[in-house]
Amino acid sequence: MQKEYTITVYTEDRIGITNRITIIFTRRRINITSLTTSETEIPGVYKFVITVLATRELLDKVVLQIERLIEIHRAFVHEEDEVVYQELALYKVSTKALSNGNIERLIRDNHARILTIAEDYFVIEKTGHQQELLDMLKKLEPYGLIEYTKSGRVAIVKWSRRFHEHLKNLGEKQMDNLPPGVTHPEANRSGISL
Amino acid sequence: MQQKDVLPMKTEKSDKRPAPAPVSEPITGAEAVIRSLIAEGVETIFGYPGGAIMPIYDALYDFQVSGQVNHILVRHEQGATHAAQGYARSSGKTGVVFATSGPGATNLVTGLADAYMDSTPMVAITGQVAAALLGTDAFQETDVIGITMPITKWNIQVTRPEDIPGAIAKAFYIAKSGRPGPVLVDITKNAQFGKLDFQYEACEYIRSYRPKPVLNMEQVEAAAALINASKRPYILCGHGVLIADAQKELIAFAEKAGIPIASTLLGLSAVSVDHPLYVGYVGMHGNYSPNINTNECDVLIAVGMRFDDRITGDVNTYARQAKVVHIEIDEAEIHKIIKADAPVHADAKEALQALTGKIDAKDTKAWIQSFKELDKQEDEKVRHKELYPTEGELKMAEVIRLISEKTGGEAILVTDVGQHQMIASRYYGFKSPNTNITSGGMGTMGFALPAAMGAKVGKEEREVVAIIGDGCFQMTLQELGTIYQSKIGVKIVILNNNFLGMVRQWQQLFFDRRYSSTEMTNPDFVQIAKGFFIPGKKVTDRSEISDAIDEMLNTPGAYLLEVVVEKEDNVFPMVPAGAPIASIRLD
């Protein structure tokens, strides 16, 4: 059954890596609904958080095809309850709305905040799950919403500690290259415990 | 993200590779390319020069004159890629290709995709416009990195001279290790002109890349348990067996437990056709008994193969009764098409060695006999009349039989794509490994002539015979020029039925004989060969064919033999596309 999944991909820092990853989804005709990327706590290692609508069976194959790319450390599919995630939205609203006392209450009640106020507009920031951000959008519309923008998903995987330790070790040991015949203690993919 | 082209290499040099000549002065990036290739042990490059790769060709000149490296000037860049594939498959080395930017680079696309599908190691080096012009639609600028991303195992653009040795070292390591594949290195003109202090260190490790998984003994145990519990075990031998050089291990494994071995198209030649456990080849036009018995075995042991749809037919009816053991180095292939009950994610050689120690001897006589009985049906209905016709026009199969007999099954057979490919694969008696070179995954028409040329360069001492259809030949026939100029002694057999035979067969069987655009009015092939100073002969009569093949094999150097064969001959057995393999038709 199709549902929304979060995929995390750990990559080396390389030009074109986004392209390489997205091509694999494209070939399988899977639509990426959001994609965020940022450097991890390990220098040179990047993390992609991708959300898609697809089946688990298909995605299990897709992540292996992603892992086959040379500059990919690992790729994982996560169920909804395996990740803690947030998205961030910015709402630009006409300053006139501020004269209406209700909007400040609306902002407070929805755990949003005002980022900046200019002469003719002000900007509200809110983090949350997509539905909460959309709900906020609806509530703000009557106040003269000028513009709305939203980030992709940012996610932390609940069980990822040991995998991050593995990545950290890679960084610390600078194990880019080994003399011939020496096996990297973590060279065995199945040997990485999670 | 940061722009960083190449990670610095910090490897200790492998003693397997020849030491590069020491260079004390800074050299150009172009010279660094050639020195890096020599350090990788490259002897032959297939290529075509042009504006953006001229500095590299200029640097090549001195090394060619001093005999350190050989360059073969092809007539089209696609020819270079197929030649490099043929070279890699016959010699076991990585094929190397040079092309210029823009059209030169885009002409590589078919060959790169073909090599990617068939896991052939290749390093393509393309020239690119100067870094300052990138992205400006400069003359002959094409985004070759973008274009080749989905069809290469890895590619990289180098814009600084100092990054060249590292990129090439990485390219060779990636192309050859694990599941091999093509790699492309695009080098801007300024990087070729710029100078660097040259030092070459072979690449042996990339931290995010694990080419060879460590053998997991639990997986081996699980596979052995399934095999030991089976009564009708069955091996499918794929290209991975040849890539891993695991032919001996496969036979030792099969012999220990009396397991019949069938081959995929690209697995052909891994096992000699004379071996008592060898039962033929599977797939759309494969043999009857191995296809039928795929749906009769109780354990299917797939080694280094990927369950291509030409092998499985309808996956929903494929080997449903069998437990599947899948030995495969590429984890993404496991469970991709057929769910494996006992996957062994490993190099075929290591996995087979370990498995042989864990399996028991067993009596499989009755099971093997069942192949023989089915085989008899194929013999009666198809094989005998194909191989030994006494009247009518010449048949492709009898030509292949004669070539097989006269070369003792020891020639390297390079086939193009279509009916002749299937007939050659069915009837050539392969005796030794790596003697079957064909375009399996992509099915690229025009493959054989340049690939045969490369195969001959890679293994000069072997007889190389290209079997080519009249349609295929006309896709890359300009490489006759390369064959003449570089004196490559390849034997070319055109099986001419004046049709795009395989398409015509499908039109006959599935499109009510509506032969839409498949009939060919062909030129005089022997005259064309003559134009390239290659001797040849045309044969139309059964009485002449044996002598003509003798003449071809006895003529030193290249030779072209055109054989006019039955116009509307069909290849049977056949599994219609997408049908269950058990529905294989004998006529």
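**Close-up 1. Helix α7 of chain B spans residues 164-176.** In this predicted model, the 13 residues of the helix reach 19 Å from the first C-alpha to the last, close to the 18 Å expected at 1.5 Å a residue. Look around α7(B) and you will find it largely enclosed by the rest of the structure, because 12 of its 13 residues are buried. Among these buried residues are B:Ile164, B:Pro165 and B:Gly166, along with B:Lys170, B:Phe172 and B:Tyr173. After α7(B) comes B:Gly178, whose phi is positive, near 60°.

**Close-up 2. B:Gly304 sits in the loop between β12 (299-303) and α13 (309-312) of chain B.** With a relative accessible area of 15%, B:Gly304 counts as buried. Leaving aside residues up to four places away in sequence, B:Gly304 touches B:Gly238, B:His239, B:Gly240, B:Ile327 and B:Glu328.

**Close-up 3. B:Val325 belongs to the largest nonpolar core, which has 102 residues.** B:Tyr234, B:Leu300, B:Ile301 and B:Val325 are the residues that touch the most other members of this core. Not counting residues up to four places away in sequence, the contacts of B:Val325 include B:Val299, B:Leu300, B:Ile301 and B:Ala302. B:Val325 also touches B:Ala223, B:Leu226 and B:Ile227, as well as B:Ala342 and B:Val344.

**Close-up 4. A second, separate core has 51 residues.** Good places to begin exploring this core are B:Ala80, B:Tyr87, B:Ala466 and B:Ile534, which are included among its members.

Note on methods:
Residues are numbered from 1 along each chain as its sequence is written. Chains are lettered from A and ligands numbered from 1 in the order in which they are written. This is a predicted model: local features need pLDDT of at least 70, side-chain atom pairs count only at pLDDT 80 or more; totals for chains, interfaces and linings use all residues. Side-chain values use heavy atoms; hydrogens and water are left out. A nonpolar core is a set of buried Ala, Val, Leu, Ile, Met, Phe, Trp, Tyr and Cys residues joined through side-chain atoms within 4.5 Å. Buried means under 20% relative accessible area, exposed over 50%, partly exposed in between (1.4 Å probe, protein chains only). Contact means heavy atoms within 4.5 Å. Helices (H or I, at least four residues) and strands (E, at least two) are DSSP runs, numbered from the N terminus. The expected span of a helix is 1.5 Å times one less than its number of residues.
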